[in-house]
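Please look over the sequence and the structure before reading on. The briefing below goes through them topic by topic.

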Amino acid sequence: MKNLKHYFIIASILMFLSAIMFFIHYLVFGQALNTAYYSLMNLCFIPLNSLVVTIILEKLIDSKAKKQRMDKLNMLVGIFFTEVGCKLMRLMISADKEAKNAIKSFSDLDKIKTIVLHHDYKIDMNCIDLDILEKLLVGNSNFFINLISNESLHQHEIFTDLLMSIVHLKDEIVFIKNDSNGEINISHLENDILRTYKNIAIQWVYYLEYLNKSYPFLYNNAIRINPFKFEETIEI
């Protein structure tokens, strides 16, 4: 109601100013008919002008608002990788022998993106320490919940899928640990880990791409922590 009153006052002031200027124009030039003619002609173009201005302004405002939303969302993504993402990603890569040291240089980000998107994600369950994985996921449960509860996060489909897969994996591991029968469905658990592994790798490369375009100095800091880098081992 207050906003409506505010707009009414502004509209009244503008209409009053228009009437004053019309009256001044009449006093100076004394041509009421011509003044009315050109005034009406200008009024004819108001809908067209409004359409053009509305479209341009709307696009500018939407573009700026979208960039601000993406900046905020990527801040959350950055916090995620700082707190838990890189650790979780490295834990999973350690069980994928084909992924170890697959990325050594960040000179060509497009090449890295191609590697991550087309990688054949496989893990050796014998190399996954479920106790460490459980500690990492359960210890950050509140962190995951806070991220998921962020309404703006639902506009980021890739990151939302990642968080949902992580929460599902956490629940699955907790269930297995608390299962009195002690039976572990390795195949089901492996699929859950692979889903999380693929989602986190894809989100990681898109996050690097965003940093490289928008914040090069943060990108330089991010690539210092390479989750794919492992010590080379020589098989005898």
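This is a predicted model: local features need pLDDT of at least 70, side-chain atom pairs count only at pLDDT 80 or more; totals for chains, interfaces and linings use all residues.

*Helix α5*

- Helix α5 spans residues 130–139, and its buried residues are Leu-130, Leu-133, Leu-136 and Leu-137.
- An α-helix has 3.6 residues a turn, so residues three or four places apart point the same way.
- Lys-135 and Gly-139 are exposed residues on the face of α5 that is turned away from its buried side.
- The N-terminal end of α5 is capped by Asp-129, which has a side-chain oxygen 3.0 Å from the backbone nitrogen of Asp-131.

*The chain as a whole*

- There are 9 helices and 0 strands in the chain.
- The C-alpha trace spans about 105 × 45 × 25 Å along its principal axes.
- Of the 236 residues in the chain, 33% are buried.
- Taking contacts between residues at least 6 apart in sequence, 77% join residues at least 24 apart.

*Aromatic rings*

- The structure holds 9 aromatic pairs.
- One of them is the pair of Tyr-215 and Phe-217, whose ring centres are 6.3 Å apart; their planes are at 90 degrees, so the pair is edge-to-face.
- Tyr-215 counts as partly exposed because its relative accessibility is 27%.
- Phe-217 counts as exposed because its relative accessibility is 53%.
- One aromatic cluster is formed by Phe-80, Phe-81, Phe-159 and Tyr-207.
- The ring of Phe-230 has Arg-90 over its face, at 3.9 Å from the ring centre.
- The charged end of Lys-100 also sits over the ring of Phe-230, 5.5 Å from its centre.

*Gln-203, a buried residue*

- Gln-203 is part of helix α8.
- The relative accessible area of Gln-203 is 1%, so this residue is buried.
- Leaving out residues up to four places away in sequence, Gln-203 touches Val-77, Phe-81, His-156, Ile-158, Phe-159 and Leu-162.
- Two of these contacts, Phe-81 and Phe-159, also belong to the aromatic cluster described above.

*Ser-105, a loop residue*

- Ser-105 is placed in the loop between α3 and α4 (109–118).
- With a relative accessibility of 43%, Ser-105 counts as partly exposed.
- The side chains of Ser-105 and Ser-107 are joined by a polar contact of 3.1 Å.
- Ser-105 and Asn-185 are 80 residues apart in sequence, and their C-alpha atoms are 38 Å apart in space.

Technical notes
Residues are numbered from 1 along each chain as its sequence is written. Side-chain values use heavy atoms; hydrogens and water are left out. Buried means under 20% relative accessible area, exposed over 50%, partly exposed in between (1.4 Å probe, protein chains only). Helices (H or I, at least four residues) and strands (E, at least two) are DSSP runs, numbered from the N terminus. A polar contact is a pair of N or O atoms within 3.5 Å; within protein, one must be able to donate a hydrogen and the other to accept it, and residues adjacent in sequence count only if both atoms are side-chain atoms. Rings of Phe, Tyr and Trp (its six-membered ring) pair if their centres lie within 6.5 Å; planes under 30 degrees apart count as stacked, over 60 as edge-to-face and the rest as tilted. A charge sits over a ring if NZ of Lys or CZ of Arg is within 6 Å of the ring centre and within 35 degrees of the ring normal. Contact means heavy atoms within 4.5 Å.
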